[in-house]
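This report describes how two chains of a predicted model are arranged and how they meet. Please consult the sequence and structure shown below while reading.

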Protein chains: 2
Amino acid sequence: MWGMIAKITCFPGKRSQLLEILKQAAADMPGCLSYIIAESPDEDNVLWVSEAWDSQTSHDASLSLPGVREALPRARPLIVEFERIAVTDPVWGIGLSAKTAS
Amino acid sequence: MWGMIAKITCFPGKRSQLLEILKQAAADMPGCLSYIIAESPDEDNVLWVSEAWDSQTSHDASLSLPGVREALPRARPLIVEFERIAVTDPVWGIGLSAKTAS
């Protein structure tokens, strides 16, 4: 498996808009076992994203999906900073979807 | 929902042992929607834990579950540092288990 934890800081007032774009883009990604978007309760402009994939290959391939390619240029202008907090190797979990890469 | 992202640094050589203890403790926690344990590929002594719960109440209650209470004294001596990277408010996700608090 392959995982990433990211902290995304957006421009003031843009968090809801960014959230909607991310939800649409992430709704159907082959090989994605978990993709959780969370708001920071302390920082109004921050989203946390935690991802788990069956492989790094699936993650990398997702960047070429039509829905993701379409979302990126809409998301980018809303984002101040994208911090990759950690790249991880998930080894066990509750809530890892059984959907596998096609 | 309520979430937490934590970085756990353990003593050298103890990561596998800590992983097993966490797996056992986390296997059956009411209200836990996602609990993913990941190894750091870069830091041999680091585990990342990403959690999502139906409520903070469920999370807090989990600390009183017999399996968790039994695990804590076994886990604690293996841990150098427990860093709470973020407390979050998960708002959407793939892989959020449907299991609810009893």
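The contact between the chains draws 31 residues from chain B and 31 residues from chain A. On the side of chain B that touches chain A, several elements give two or more residues each, and they are listed in the table.

| Element of chain B | Residues |
|---|---|
| strand E1 | 2-10 |
| helix H1 | 15-26 |
| strand E2 | 32-39 |
| strand E3 | 46-53 |
| strand E4 | 79-94 |

The largest share of this side comes from E4(B), which supplies 10 residues. By residue type, the side of chain B that touches chain A divides into 20 nonpolar, 8 polar and 3 charged residues.

E4(B) also pairs with a strand of the other chain. Strand E2 of chain A, residues 32-39, is joined to E4(B) by 5 bridges, and the two strands run antiparallel. One of the residues involved is A:Tyr35, whose bridge partner in E4(B) is B:Ile94.

Which surface does each copy use to meet the other? Of the interface residues of chain B, 100% are also interface residues in chain A, so the copies meet through the same surface.

Key:
Residues numbered from 1 in each chain as written. Chains lettered and ligands numbered in written order. Predicted model: local features only at pLDDT ≥ 70, side-chain atom pairs only at ≥ 80, totals over all residues. Contact = placed C-beta atoms within 7 Å. Helix = DSSP H or I, 4+ residues; strand = E, 2+ residues; numbered from the N terminus. Nonpolar A, V, L, I, M, F, W, Y, C, P; charged D, E, K, R; others polar. Pairing = 2+ DSSP bridges.
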